[in-house]
Amino acid sequence: MEPTPTPPAGARRTILIDPVTRIEGHAKITIHLGENGAVEGARFHVTEYRGFERFCEGRPFTEMAAITARICGICPVSHLLAAAKTGDRILSVTIPPTAVKLRRLLNLAQIIQSHALSFFHLSSPDFLLGWDSDPAKRNIFGLIAADPELARGGIRLRQFGQELIERLGGRKIHAAWAVPGGVRSPLDPADREAIQARLSEAFATTNAALDRFKGLLDGPLAVEAATFGCFPSLFMGLVGADGRWEHYDGDLRLIDAVGAVLAEALPQQQISEVLAEAVEPWTYLKFPYYRPLGPEAGSYRVGPLARLNVCTRIGTERADAELLELRQRGGRVVTSSFYYHLARLIEILAALEAIEALLDDPEICTRHVRAHAGVNTFEAVGVSEAPRGTLFHHYRVDANGLIEAVNLIIATGQNNRAMNLTITQIARTYIQPGQSEIAEGLLNRVEAGIRCFDPCLSCSTHAAGQMPLHVQLLGPGGELLSERWRD
Amino acid sequence: MSSPSVSTTGSINGKLRLATVWLAGCSGCHMSFLDLDEWLIELADCMDMVFSPVASDSKEYPQDVDLCLVEGGVANSDNLALILQVRARTRLLVSFGDCALSANVPGMRNMLGGAEPVLRRGYLELADDSGVMPHAPGIVPELLPQVLPLHEVVPVDFYLPGCPPSAARIRAFLEPLLRGEAPLMEGAEMIRFG
């Protein structure tokens with residue numbers, strides 16, 4: 001790679017990374033350098049928007065699960081569940097206990113497949129092949145060549161989650177199985193046994209990945225752990241009884257950076273009074289915040305690390321041992337975003353233990369799984385924990401159940417400000433004033449700051465765009481001084 | 001449809017040069033591609049992935065691509081620029097999944113009178129009262145008035161429908177191509193929507 005041309009002294013520069021790769025969705029990054037070459041800031045630009053909130057108007061609320069699943073092919077289950085839970089409230093029913101357990105099983109399966117994708121397919125090439133390794137091979141296929149056993153394990157772990165989703169809902173992606181009132185079909189005992197038979201391998205793969213990654217955190221990744229988005233913030237997530245880790249139901253808790261509870265049991269049905277969304281002209285991704293504190297002080301993080309920070313404990317033996325170790329490494333409230341990766345592995349372990357328990361539940365194959373009713377409530381909010389954080393669906397319907405208004409607050413959006421802070425911190429760490437050459441590996445580290453959050457941009461804005469990576473040098477008046485393309 | 005064959009003349013090692021691209025879709029077709037699971041390991045022996053949002057760090061779509069799976073419809077100015085570049089640099093372009101074939105769910109906004117109403121709802125009415133709309137020429141692409149299926153924008157060589165196409169269907173499509181033969185696109189197993 002050729003060195004970046006040295007700009008004239010005193011020129012401001014903007015570095016453009018386009019597209020950000022090994023993330024789900026379409027985005028660019030700009031890094032803004034001042035006249036002395038110091039990083040003034042960095043911005044994460046989401047470049048897609050599809051407009052679900054408008055075109056769902058007029059549809060029957062019973063279609064919302066199937067339509068909103070198409071927001072995202074990685075976590076369609078999250079939208080199925082949030083739509084179904086909103087639908088339960090519109091019907092005003094309590095769904096059968098087995099339906100709750102089956103929906104939980106579905107969400108746990110999705111947490112495993114989505115986290116496995118993030119860790120093994122998308123992010124581990126950075127850790128295992130190297131930040132500065134050949135970009136042509138720094139991907140899942142490079143990993144297959146370099147470390148076939150680990151790659152196969154990761155592929156099969158993701159497959160475990162996808163297969164469980166298929167056995168419940170009939171297909172791996174966009175299974176329209178969770179519906180208002182429950183789920184469409186019970187679990188077949190033969191499917192239960194088939195999943196049970198694969199659990200031991202899934203545990204073994206997860207434990208091996210945990211050992212491998214913790215070893216890296218104690219060694220070569222210690223620098224990243226200290227500089228990739230390490231800052232105080234609020235954290236939000238669902239918690240269950242006694243403050244335990246939760247993913248499907250429960251109370252919404254907001255804590256600060258030292259673990260003090262700022263708000264317990266936030267009113268989910270009045271969520272628009274609690275959360276607001278700010279808009280910036282340079283991205284399609286909105287910036288949700290906790291309304292009482294305003295856009296900056298009220299910004300918070302969600303997702304795997306937030307869930308582990310807000311809970312008192314997980315409630316299963318092996319995952320709790322890992323949670324304790326996480327807190328020994330990072331503190332009671334872990335504020336480094338790099339630990340999102342470790343939090344994902346711990347959540348996979350927690351999900352496997354929870355699946356094991358649910359499959360042993362004598363009620364799990366009971367055949368009564370759906371409650372039926374008409375429209376009894378005209379406005380409702382459904383909340384669940386998506387792999388990337390707390391997801392809200394908010395519908396208003398008419399007496400015929402046709403949608404009059406929709407608002408969706410998506411997990412990834414809630415990490416928007418944190419993602420911008422993270423890439424700014426990484427750019428400031430690795431780009432020094434007066435530095436004339438910008439190495440590819442450095443830009444990859446900035447992108448990896450985004451990968452910590454495993455953003456799902458299809459979800460978060462509901463469209464698309466890709467252009468080559470392109471570094472431009474702009475003069476103080478914004479004129480182009482020189483440019484360079486990276487392939 | 002005629003039976004195009006796959007040449008690997010762009011390759012330096014005799015392997016197929018494969019790319020995947022996503023436009024306006026949900027990434028579900030790419031996830032279904034990853035659902036090929038361990039067959040991906042076999043696939044790695046006979047192809048080079050030269051561009052892919054999930055499986056490559058290449059930032060510029062390369063020259064001499066043998067086969068490209070394109071997910072999603074054409075919804076904004078970035079999609080449009082990329083699909084024109086993809087077509088110019090690719091021998092066989094596959095319209096991959098229902099959004100690429102028909103605009104599908106993203107196309108539900110096509111009846112609403114252009115991009116303006118969907119943008120207003122998302123950013124003015126369902127946001128705090130700052131009155132700001134995303135607008136940053138060169139960084140944030142403008143939405144096109146309508147989401148278009150690929151074949152309305154560029155010539156397409158193969159159609160692989162499904163929402164998403166199952167991994168089994170993707171494999172049944174790719175295997176003949178890897179042998180240099182045209183896949184047989186007929187029957188419910190291969191060409192059903194949804």
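How do H4(A) and H12(A) run relative to each other, roughly parallel or roughly antiparallel? I looked at a predicted model, in which local features need pLDDT of at least 70, side-chain atom pairs count only at pLDDT 80 or more, and totals for chains, interfaces and linings use all residues. Residues are numbered from 1 along each chain as its sequence is written, while chains are lettered from A and ligands numbered from 1 in the order in which they are written.

Entry 1, the helix pair. I found that the axes of H4(A) and H12(A), residues 340–360, come within 9 Å and cross at roughly 150° (axes are lines fitted to C-alpha atoms, for helices over the stretch in contact, and angles run from 0 to 180 degrees between N-to-C directions). H4(A) and H12(A) are therefore roughly antiparallel, a term for angles over 145 degrees.

Entry 2, the residues that meet. On the H4(A) side I listed, among others, A:Leu105 and A:Phe119, and on the H12(A) side A:Ile348 and A:Leu352 are included. The residues of this contact divide into 13 nonpolar, four polar and four charged.

The assignment for chain A gives domain 1 (13–48 + 423–486) and domain 2 (96–171 + 187–266 + 299–370), with C-alpha centres 28 Å apart. I noted that 15 residues of domain 1 of chain A are in contact with 18 residues of domain 2 of chain A (C-beta atoms, placed from the backbone, within 7 Å). H15(A) gives the most to the domain 1 side, with seven residues.

I recorded 61 residues of chain A in contact with 60 residues of chain B.

Notes:
Domains from an automatic or database assignment. Helix = DSSP H or I, 4+ residues; strand = E, 2+ residues; numbered from the N terminus. Parallel < 35°, antiparallel > 145°, perpendicular 65-115°, else oblique. Nonpolar A, V, L, I, M, F, W, Y, C, P; charged D, E, K, R; others polar.
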